[in-house]
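I opened the model today to look up its folds and contacts. My notes follow.

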Amino acid sequence: MTTYILRRVLWLIPVLFVISVITFLLMHAAPGTPFQPRSDRPLPPAILERLERQFGLDKPIHEQYLSWVANFVQGDLGPSYANRGRDVSEIVGDNMWNSVQLGGMAFLFSVVLGIPLGVIAALRQNKWPDYFSTFFSVIGIATPSFVLAVLLVFAFSLTLDWFPTRGWSGPEYWVLPVVALGSYGVAQLARYTRASMLEVTRRDYVRTAQSKGLKERTIVVVHMLRNAFIPIVTILGPLLAGLITGSFVVESIYGIPGIGRFFIDAIGRRDYGLIMAVTMLYATLIAVMNLVVDVAYAWIDPRIRYS
Amino acid sequence: MAVQSRSDTLPLDALQRKPTSLWRDAFERLLKNRLAVVGGIIVILLALLAIFGPYLTPYSYRLGDTALIQELRGPANPGQGGHLLGTDILGRDLLSRIMDGARISMTVAIVVQIVTIGIGVPLGAIAGWYGGRIDNALMRFTDVVYAFPDLLFIILLSVVFKDTFFGKALDGLLLVFVAIGVVSWVGVARLVRGQLLSLKETEFVEAARAIGVPDRKIVTRHLLPNSLGPIIIAITLGIPGAILAESLLSFIGIGVDPPRASWGSLIVGGQEWMSSEPHLLIFPAIAIALALLSFTFLGDGLRDALDPKLKGKQ
């Protein structure tokens, strides 16, 4: 197992390499440059040329890439072109934690609410707890996070005045964004859990356990949950990664100073250094989550062996 | 004597029952599920609305009634001036715009899912069944696609190709299909692989192998039908996912090209006027919720209907 994990961690290096090459090429293929993102407001050619020479943007693309790699390996993410005078690492460092907080809390909210809802629904299939749980997951699926975010602001900030509209400076600011971002996860987890639990309910080992006269609680906890978790585990990692990397709409609606807002801005302004940094950061996060999922997979289901 | 007694003991109802296929059985079970039938009917209605709606409405989705909004000093409320759902701030009929949005959202939903299944299921099945080197190669390939932050990739791709012929084809929709499709198949591939990994250790597969069923048949006849439930749920959840991804692209302004508007862009536009003109937000939101719900109910019903292990327990 240790060798397996080690190999997978080493494998991250080529994966990240391929991703960085693709991003670098796509980014440079996009029309415009950091100093002239749109062609309708051209800089004088002499100034543009001088700026590009100063930041090495006039060199052939492979040289630019190699120097980016050399700096990246040493932990230097370069300057931010769109935010003059600030380094990319400074911007990422200042704002990343807020996105992680938001995504992490939304993830906890999804797990704590979604899995029990799914389990209860499966155990009481086609009875009112099932309908209740289905109703909630249906709302979560039918309402996109940005619509939910707007509706929550309208109801709980403007009308009831329970929570502040914008900001990220304390627990009262966290409630609405976390609910808006996490409700889709709640719904998805509840549905997967329900389907997976129903699947194992009909397995022979559950019938055996029932015929042995085991208590329902024991059957559910010892025999069903562990087996039902196998397909659920596969979506937990991507869910967390998706919540952290996909929060930019919620961040911009609630004015949360997270990395997502910067990253949309960075693409529009062709801020090469920031685009690369955020991509690499998110890619690493997602790849690590996938590894955790695969390890958890073997741990939950001893029949699965990695060699 | 022995032969005769065997035919005597054959269950009587088995002789009287017409032979039915798995799919016919499933269809009959689906019809018994009320929510699924309602969901299916709404999906069909939405599809019809998407195909024929724009020909039936007297208004255009792109031309506004400027005289009307000048007279009213603002957009028409639902019912005003012959506009059933009112108009937007430019005087464009909201119902017509929602119907054109249905066209966009339904097309995105279907095309993206076809791409997802077409790539994801075969690749996931091959990886899960053969394991070893093939699994490694495929999974390493999916690792790269999977570790790529999807939204960033979709946005980058859209920005790069926006001004090319490819980016302008079908009002920008072709680019949306490709960008979303390229990233969304990986989830299904991993799901199928996970299912097969776990299923191939089961007794019925061992039995099939023991009597010499060829690999291909085990996968297509035994393993894939047994993983249909999770695949169908993933696809059902994938359709809203595709519609959402498209609306996110429209939110950032790189989705479908104006004057066309998907439900996503209508909602984004409606947000701005939410306090004074709530109908601009509410009707598109209802449209999207209705579509997402009906696909969900239909998918749930399909799941229960297609699961052969439920057979006879209804």
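I call a residue buried if 20 or more other C-beta atoms lie within 10 Å of its own, exposed if 12 or fewer, and partly exposed in between, with C-beta atoms placed from the backbone. This is a predicted model, in which local features need pLDDT of at least 70 and side-chain atom pairs count only at pLDDT 80 or more, while totals for chains, interfaces and linings use all residues. Residues are numbered from 1 along each chain as its sequence is written, and chains are lettered from A and ligands numbered from 1 in the order in which they are written.

**Chain B, one helix.** I took helices (H or I, at least four residues) and strands (E, at least two) as DSSP runs, numbered from the N terminus. In α4(B), the buried residues are A36(B), G39(B), V43(B) and L46(B). A bend is the angle between axes fitted to the seven residues ending at a residue and the seven starting there. Helix α4 of chain B, residues 34–56, bends by about 45° at A50(B). A proline, P54(B), follows within four residues.

**Chain A overall.** I found 12 helices and zero strands in chain A. Of its 307 residues, 39% are buried. The C-alpha trace spans about 85 × 60 × 30 Å along its principal axes.

**Helix α4(A).** I checked its length. The expected span is 1.5 Å times one less than the number of residues. The 36 residues of α4(A) should therefore span 52 Å, and the end C-alpha atoms are 51 Å apart, which agrees. I also noted a bend of about 35° at N95(A) in α4(A).

**α4(A) against α5(A).** At what angle do α4(A) and α5(A) pack? I read about 140°, with the axes 7 Å apart. Axes are lines fitted to C-alpha atoms, for helices over the stretch in contact, and angles run from 0 to 180 degrees between N-to-C directions. Residues are in contact if their C-beta atoms, placed from the backbone, lie within 7 Å. From α4(A) the contact uses L117(A), G118(A), I120(A) and A121(A). From α5(A), the contributors include P129(A), D130(A) and F136(A). I sorted the residues of this contact into five nonpolar, four polar and one charged. Here Ala, Val, Leu, Ile, Met, Phe, Trp, Tyr, Cys and Pro count as nonpolar, Asp, Glu, Lys and Arg as charged, and the others, Gly among them, as polar.

**Chain A against chain B.** I logged 43 residues from chain A and 43 residues from chain B in the contact. On the side of chain A that touches chain B, α1(A) gives the most, with eight residues. That side divides into 30 nonpolar, eight polar and five charged residues.

Definitions and conventions
Contact = placed C-beta atoms within 7 Å.
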